[in-house]
Amino acid sequence: NLLNKTLTYNLELDGYTITSVLNARTAAESLKTNIFDLVLLDINLPDGNGYDLCRLIKPEHPDTVVIFLTANDQESDQIRGYEAGAVDYITKPFSISALQRKIKAMFAMLEHHKPAKDIYEDGSLFLDFSEQRMCQGTYKKDHVYRPKFEHMIFFVYLLGWFFSYPT
């Protein structure tokens, strides 16, 4: 509980919005109604284990980064954590300052690798392939709609316009 409060305090000071929970049940409930960029997760939870919770997170939220913070320091535990979907495994005790910098660096890297918007615009037609939105004619971009966008992509390809589409 003290580590939870300390991490919450320090990460909120860094400007992050934090949802803090103390058990697997509350975490699972929170994951059903929220999308998180990062989950800091202990393996030893009072009502379950972090491996199972990580396996619950990753299929529904594959872009959510999971980092284990745990006292379990065996290599087999670490491998199990990575196999469950974690991107990092930090053993206690650890430096909170170092963790803060690791989180900052991770978000900077993710922002740097974020795909650029894939947009075509010629004055009468606006296509946003990354958001699957379009408008044409006198419609304004703030009135963008999604009618049969997959057909529009097909139509664009038939006309010989080729765009890179993020996968």
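How many of the protein's 167 residues count as buried? The share is 35%, where buried means under 20% relative accessible area, exposed means over 50%, and partly exposed is in between (1.4 Å probe, protein chains only).

Before you click, some ground rules. You have a predicted model open, numbered from 1 along each chain as its sequence is written, in which local features need pLDDT of at least 70 and side-chain atom pairs count only at pLDDT 80 or more. Totals for chains, interfaces and linings use all residues, and side-chain values use heavy atoms, with hydrogens and water left out.

**Stop 1: the whole chain**

Switch to cartoon view. There are six helices and eight strands, taken from DSSP runs (H or I of at least four residues for helices, E of at least two for strands) and numbered from the N terminus. Follow the chain along and the pattern reads α-α-β-β-β-α-β-α-β-α-β-β-β-α.

**Stop 2: the cores**

Select Val39, Leu41, Leu53, Cys54, Ile57, Val66 and Phe68. Within the largest nonpolar core, which has 18 residues, these touch the most other members. A nonpolar core here is a set of buried Ala, Val, Leu, Ile, Met, Phe, Trp, Tyr and Cys residues joined through side-chain atoms within 4.5 Å. Helix H2, strand S1, helix H3 and strand S4 (65–70) each supply at least two residues of this core.

Zoom in on Leu53. Setting aside neighbours within four places in sequence, Leu53 is in contact (heavy atoms within 4.5 Å) with Ala24, Ala27, Ala28, Leu31, Leu41 and Leu45.

**Stop 3: the largest pocket**

Next, select Asn4, Thr19, Ser20, Val21 and Leu40. Of the 35 residues lining the largest pocket, these lie nearest its centre, and the space inside is about 950 Å³. On a 1 Å grid over the protein atoms alone, a pocket is an open set of points where a 1.4 Å probe fits, with protein on both sides within 12 Å along at least five of seven lines; lining residues have an atom within 4 Å of a point. Grid points are joined across faces, edges and corners, and the volume is the space filled by probe spheres set on them.

Which helix gives the largest share of this lining? That is H1, with five residues. The lining divides into 23 nonpolar, nine polar and three charged residues.

**Stop 4**

Pick Asp37, Asp63, Thr64, Val65 and Leu110, the closest to its centre among 14 lining residues. H5 gives the most to this lining, with three residues.

**Stop 5: two details**

Select Lys92 and Pro93, which are joined by a cis peptide bond with omega about -5 degrees. Most peptide bonds are trans. Pro93 sits in the loop between strand S5 (88–91) and H5.

Finish at Arg80, in helix H4 (residues 75–84). With a relative accessible area of 38%, Arg80 is partly exposed. Beyond its neighbours within four places in sequence, Arg80 is in contact with Tyr51 and Arg55.

Notes:
Ala, Val, Leu, Ile, Met, Phe, Trp, Tyr, Cys and Pro count as nonpolar, Asp, Glu, Lys and Arg as charged, and the others, Gly among them, as polar.
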